[in-house]
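I opened this model to look up a few things and write them down.

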Amino acid sequence: MSRSAHPAGPRHADVLPEGHYSAPPADLNALDPKVWARTVARGADGVVTVGGVDVNTLAEQHGTPAYVLDEADFRARARAWREAFGQDADVFYAGKAFLSRAVVRWLHEEGLNLDVCSGGELATALSAGMPAERIAFHGNNKSTHEIRRAVEAGVGRIVLDSFQEIVRVAHVAQELGRRQRVQIRITVGVEAHTHEFIATAHEDQKFGIPLAGGQAAEAVRRALQLDGLELIGIHSHIGSQIFDMSGFEVAAHRVVGLLKDIRDEHGVELPEIDLGGGLGIAYTSGDDPREPHEIAKALTEIVTRECESARLRTPRISVEPGRAVVGPTAFTLYEVGTVKPLDGLRTYVSVDGGMSDNIRTALYDAEYSVALVSRTSDAEPMLARVVGKHCESGDIVVKDAFLPADLAPGDLIAVPATGAYCRSMASNYNHVLRPPVVAVHDGASREIVRRETEEDLLRLDVG
Ligand SMILES: Cc1ncc(COP(=O)(O)O)c(C=O)c1O
């Protein structure tokens with residue numbers, strides 16, 4: 001069926017069932033700049049373009065589903081973070097949000113550092129030319145092999161996450177005749193205002209060493225005694241998709257409290273403090289994220305104030321935004337396969353991807369928006385649920401959203417703000433092939449991660 005065809009489809013239910021949605025938007029063809037990448041616009045012909053390329057062309061050239069990433073927007077956001085924090089602070093992009101060699105090169109060019117948390121992420125960073133001293137190595141269970149590779153490569157810091165790891169990293173560094181710069185990740189007991197599974201600074205969880213009960217102080221004692229380690233600071237990451245700065249305020253207060261205790265006990269003022277990532281983005285029009293310069297100002301003021309009252313020199317601050325850099329810069333382009341109205345409930349719109357390219361809805365109950373992008377429509381709104389092609393009834397991409405009632409197979413729809421934690425969490429469930437990441441810039445598109453093929457799948461199947 002042609003992409004411009006729009007036969008009569010299901011109608012909007014008169015009585016809406018319970019759900020996450022609010023009222024239908026006034027104009028279904030409008031694209032809220034809050035949730036779409038910066039160069040996204042609807043052309044005069046009604047077709048959505050990004051980076052000067054229209055989505056019908058993208059679908060023809062690269063197929064669907066595809067993650068479409070606005071390179072100019074990525075670079076602008078990376079630069080905004082870098083400039084907001086200035087020369088006296090460091091921005092580490094959290095590679096777990098999305099990492100590829102092209103992204104590493106962009107980050108390098110824009111002056112950001114990189115946080116990696118596995119051998120695979122480290123290999124990607126190094127192979128794309130990120131200088132090792134600008135890499136931080138994270139993770140709650142780094143293998144000895146990963147630690148060795150990181151130390152050998154000369155990474156700028158390893159963030160220690162347990163008592164065993166303090167010993168392991170010191171041992172490897174000594175074997176290699178190195179003194180490794182390290183930070184200790186602590187949990188400060190803050191409940192970030194976010195989903196339970198992505199709040200990470202409360203104590204009952206796997207990351208970090210608790211401040212409570214003197215455990216973090218004991219970790220510092222041990223790290224300071226080991227010749228292979230140079231303890232440069234304390235790290236705290238309180239969660240993800242956070243809008244409220246009060247969690248950072250409490251975290252900074254407690255981290256600075258520990259720095260003061262370290263000064264009093266050991267006569268050492270640690271030179272660095274890392275407040276992690278976790279800054280929220282707009283997934284729907286209801287979300288109101290802060291700009292990097294506001295966040296930088298707020299965090300710098302909080303740390304400076306806390307240090308003044310503790311009579312400490314203000315340490316060098318670092319932050320680790322992942323989602324807030326890459327999240328808004330991409331959307332997922334899908335082709336509609338089936339449209340199934342359920343009387344008095346909603347219309348199920350099945351697309352050619354699903355939980356294998358976006359697990360966040362199933363995992364976190366995440367909310368997303370969606371729009372018809374291959375054409376405009378004057379049809380009335382219908383309450384829709386965008387679902388994938390997987391063998392799970394929880395295979396939902398967008399739980400509740402309004403789409404035009406004439407939506408039909410062959411139409412292209414797009415889900416914005418899928419730059420973070422979608423491709424990086426993608427799976428091969430049902431042996432569905434992972435989509436490409438297509439970067440668009442100045443009227444041209446290119447795959448920076450190609451589509452997976454059946455040959456890729458079969459190459460791993462060596463039985
Ligand atoms: C230690 C650390 N830093 C940074 C991040 C990035 O978080 P976000 O992408 O929400 O900014 C994470 C995410 O889990 C993390 O664990």
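**Conventions.** I am working with a predicted model, in which local features need pLDDT of at least 70 and side-chain atom pairs count only at pLDDT 80 or more, while totals for chains, interfaces and linings use all residues. Residues are numbered from 1 along each chain as its sequence is written, and side-chain values use heavy atoms, with hydrogens and water left out.

**Ligand.** I found 15 residues, the closest being S240, G278, E320, R323 and Y421. By type, the shell holds 3 nonpolar, 7 polar and 5 charged residues.

Next I noted polar contacts (pairs of N or O atoms within 3.5 Å). A backbone N or O atom of R323 lies 2.8 Å from a ligand oxygen, and one of G322 lies 3.0 Å from a ligand oxygen. K96 places a polar side-chain atom 3.5 Å from an oxygen of the ligand. Taken alone, the ligand exposes 390 Å², of which the protein buries 92%; I note that accessible areas come from the Shrake-Rupley method with a 1.4 Å probe.

**Aromatic rings.** I then looked up aromatic pairs (Phe, Tyr or Trp rings, the six-membered one for Trp, with centres within 6.5 Å). The structure holds 5 of them. One of these, W81 with F85, is stacked (planes under 30 degrees apart), at 6.0 Å centre to centre and 5° between the planes. Both sit in helix α2 (residues 71-85), and because they are 4 residues apart, about one helical turn separates them. W81 is buried (under 20% relative accessible area), at 2%, and F85 is buried at 8%. Elsewhere I noted that ring pairs link F74, Y93 and W106 into a cluster.

**Strand β17.** I found 6 of its 7 residues buried. Strands count as paired if DSSP finds at least two bridges between them. With β15 (residues 347-351), β17 pairs in the parallel sense over 4 bridges, and T347 stands opposite A384. With β18 (residues 396-404), β17 pairs in the antiparallel sense over 6 bridges; there M382 has L403 as its bridge partner.

Notes. Near = heavy atom within 4 Å. Polar contact = N/O pair within 3.5 Å; in protein donor to acceptor, adjacent residues only side chain to side chain. Nonpolar A, V, L, I, M, F, W, Y, C, P; charged D, E, K, R; others polar. Phe/Tyr/Trp six-rings, centres within 6.5 Å; stacked < 30°, edge-to-face > 60°. Helix = DSSP H or I, 4+ residues; strand = E, 2+ residues; numbered from the N terminus. Buried < 20%, exposed > 50% of the residue type's maximum accessible area, 1.4 Å probe, protein only.
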